[in-house]
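Please read them with the model open.

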Amino acid sequence: MSVASPLIIALDYTSQDAALCMADRLDPSRCRVKVGKELFTRSGPGVLEALHGRGFEVFLDLKFHDIPNTVAGAVEAAADQGVWMVNLHASGGRRMMEAARERLDQHRLATHLIAVTVLTSMQEEDLAETGVTGGAAEQVLRLATLADECGLDGVVCSSHEAAHLSERIGADFLKVTPGIRPASALADDQRRIMTPSAAMAAGSTHLVVGRPVTQASDPMQALASIEQELAGI
Ligand SMILES: O=C(O)c1cc(=O)[nH]c(=O)n1[C@@H]1O[C@H](COP(=O)(O)O)[C@@H](O)[C@H]1O
């Protein structure tokens, strides 16, 4: 199945039961789902099987960052589970990204491989403390260009950088953007945020949405109102 919606709902839950309870309130023809570190560490690959069984395409968000051989093996293991998308940290460098790409190609695994550039929770001061002094936009462009050169399918970035990446790298390069907040929602721990419609207009290809949907009293209604907002673009 291929889902037309750009929406990816982050199932950030502490147990497989809680994640599946939310998944059962969502429609796999209207969104994809994302399994992250906490849920996967607690549930193991069983949660992927359960979500696939319910018809969902899954983004396994484990943000691998290690030596090339280790990351290539981890990416292969993720793809072997049949996930739609997997990610690694672009700051792991060229050889790490190339090794991951080559491993998927060698085994003819079609899972989308994308690279995290600068986390959407970070702003200029946070970056400066890690030695990155040029600001988020410059660092995202640097890492996205490197990811493109390594043959990756796209990046995770904030929607603030998406338009610039479309111009510099091309519209086909995936721009998966978390930090999505409908106008009435709280920012929580996110810093570089944008509304769903503004993010799509800025060139995002996929929107990762967690708490604004999963913590809504009626998650499907929250998703429907994002769909309505997007239909108006
Ligand atoms: O790779 C990610 O998905 C990711 C990258 C990033 O830079 N920022 C970011 O928030 N995320 C993830 O996107 C989701 C955002 O969730 P909410 O802030 O609840 O909408 C979380 O699961 C994060 O782990």
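**Notes on the predicted model**

1. Start with helix H11, residues 219-231. Its 13 residues should span 18 Å at 1.5 Å a residue, and the end C-alpha atoms are 18 Å apart, so expectation and model agree. Keep in mind that this is a predicted model.

2. Which residues of H11 are buried? They are Ala 222, Leu 223 and Ile 226. These residues cover an arc of only 100 degrees around the axis, which puts them on the same side of H11. The face turned away from that buried side carries the exposed residues Gln 221, Gln 228 and Ala 231. Cover for the buried residues of H11 includes strand S1 (7-10), helix H9 (196-201), strand S8 and helix H10 (211-214).

3. Now the chain as a whole. It has 11 helices and eight strands. For 233 residues, a compact globule would have a radius of gyration near 17 Å; the protein chain has 17 Å, so the two agree. The C-alpha trace spans about 45 × 35 × 30 Å along its principal axes.

4. Of the 233 residues in the protein chain, 41% are buried. Take the contacts between residues at least 6 apart in sequence: 68% of them join residues at least 24 apart.

5. Helix H7 covers residues 136-149. At 1.5 Å a residue its 14 residues should span 20 Å, and its end C-alpha atoms are 20 Å apart, which agrees. Buried here are Ala 136, Gln 139, Val 140, Leu 143, Ala 144 and Ala 147. Viewed down the axis of H7, the buried residues fall within an arc of 125 degrees, so they line one face of the helix.

6. What do the buried residues of H7 pack against? Their partners are helix H5 (94-106), strand S5 (112-116), helix H6 (124-129), strand S6 (154-156) and helix H8 (159-169). After H7 comes Gly 151, with a positive phi near 85 degrees.

7. Helix H4, residues 68-80, has 13 residues. From first C-alpha to last it reaches 18 Å, close to the 18 Å expected at 1.5 Å a residue. Val 71, Ala 72, Val 75, Ala 78 and Ala 79 are buried in H4. Down the axis of H4, these buried residues fall within an arc of 125 degrees, so they line one face of the helix. On the other side of H4, Asn 69 and Asp 80 are exposed.

8. The cover over the buried residues of H4 includes strand S3, strand S4 (85-89), H5 and S5. H5 and S5 are also among the elements that the buried residues of H7 pack against. H4 is followed by Gly 82, whose phi is positive, near 85 degrees.

9. Leu 113 deserves a look. This residue is found in strand S5. Why does Leu 113 count as buried? It has 26 C-beta neighbours inside 10 Å, and 20 or more make a residue buried. Beyond its neighbours within four places in sequence, Leu 113 is in contact with Val 75, Val 86, Ala 100, Arg 101, Leu 104, Leu 152 and Asp 153. Val 75 is one of the buried residues of H4. The C-alpha atoms of Leu 113 and Asn 87 are separated by 5.7 Å, although the two residues are 26 apart along the chain.

10. Check two backbone angles. Lys 63 is not a glycine, yet its phi is positive, about 45 degrees. Lys 63 is found in strand S3. With 16 C-beta neighbours inside 10 Å, Lys 63 counts as partly exposed. Arg 108 also has a positive phi without being a glycine, near 50 degrees. Arg 108 lies in the loop between H5 and S5. With 7 C-beta neighbours inside 10 Å, this residue counts as exposed.

11. Last, the ligand. How many residues surround the ligand? There are 18, and the closest are Ala 10, Leu 119, Pro 178, Gly 210 and Arg 211. Strand S3 (58-64) and strand S8 (206-209) are the elements that give two or more residues to the shell. By class, the shell divides into seven nonpolar, six polar and five charged residues.

Note on methods: Residues are numbered from 1 along each chain as its sequence is written. This is a predicted model: local features need pLDDT of at least 70, side-chain atom pairs count only at pLDDT 80 or more; totals for chains, interfaces and linings use all residues. A residue is near a molecule or strand if its C-beta atom, placed from the backbone, lies within 6 Å of it. Helices (H or I, at least four residues) and strands (E, at least two) are DSSP runs, numbered from the N terminus. Ala, Val, Leu, Ile, Met, Phe, Trp, Tyr, Cys and Pro count as nonpolar, Asp, Glu, Lys and Arg as charged, and the others, Gly among them, as polar. The radius of gyration is taken over C-alpha atoms; the globule rule is 2.2 Å times the number of residues to the power 0.38. A residue is buried if 20 or more other C-beta atoms lie within 10 Å of its own, exposed if 12 or fewer, and partly exposed in between; C-beta atoms are placed from the backbone. Two residues are in contact if their C-beta atoms, placed from the backbone, lie within 7 Å. The expected span of a helix is 1.5 Å times one less than its number of residues. The arc is that of the directions from the helix axis to the C-beta atoms.
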